[in-house]
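Hi everyone, thanks for coming.

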Amino acid sequence: MDYLDRAMLYGNAETLVLAVLADRACHGYELRKELSTRSNEEFQLALGRLYPLLRTLERHGLVTVRKAQSPLNRECREYAITAKGLTALRERKLKWRQFAAAMNQVLART
């Protein structure tokens, strides 16, 4: 992944994480794997980037965290989207669609 790919991924990482959590609560490793699967392996968010991002989302009230058991029967932290997070996700999706439409208009002229 080159610099531009990373910048685009990290610039949209919060929205991507919220989108995954909108479907179901999961722990960090699960979330990372789901994001990778949904993107056909294009989005490989490093765990060192993911966990600080999850803490930020939690501080802003967009996700909650609780202790849970992993599939390997280990204690882990499970993240879930909040009502505030769902509202933020809807707003971000709308803004993304507007941005993508404007980008497509500009790029169509080249």
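Predicted model: local features only at pLDDT ≥ 70, side-chain atom pairs only at ≥ 80, totals over all residues.

Helix H2 covers residues 28–38 and helix H3 covers residues 47–59, and they pack at an angle of about 115 degrees. Angles of 65 to 115 degrees count as roughly perpendicular, so H2 and H3 are roughly perpendicular to each other. Their axes are 10 Å apart, and the crossing is right-handed.

Which residues in H2 and H3 meet? From H2 we have Gly28, Tyr29, Leu31 and Arg32, and from H3 we have Leu47, Leu50, Tyr51 and Leu54. Sorted by class, that contact holds six nonpolar residues, one polar and one charged.

Now for the largest nonpolar core, which has 20 residues. The members that touch the most other members are Val17, Leu18, Leu21, Leu31, Leu45, Leu54 and Leu57. At least two core residues come from each of H1, H2, H3, strand S3 and H4, and H1 gives the largest share, with six. As background, nonpolar side chains tend to be buried together in soluble globular proteins.

Take Leu45 as an example. Leaving aside residues up to four places away in sequence, Leu45 touches Leu9, Tyr10, Ala13, Val17, Arg32, Leu35 and Leu50.

Last stop: Thr87, in helix H4, which spans residues 83–108. Thr87 has a relative accessible area of 33%, so it is partly exposed.

Note on methods
Residues numbered from 1 in each chain as written. Heavy atoms only, no water. Helix = DSSP H or I, 4+ residues; strand = E, 2+ residues; numbered from the N terminus. Buried < 20%, exposed > 50% of the residue type's maximum accessible area, 1.4 Å probe, protein only. Axes fitted to C-alpha atoms, helices over the stretch in contact; angles between N-to-C directions. Parallel < 35°, antiparallel > 145°, perpendicular 65-115°, else oblique. Left-handed = near helix turned anticlockwise from the far one by under 90°. Contact = heavy atoms within 4.5 Å. Nonpolar A, V, L, I, M, F, W, Y, C, P; charged D, E, K, R; others polar. Core = buried A, V, L, I, M, F, W, Y, C linked by side-chain atoms within 4.5 Å.
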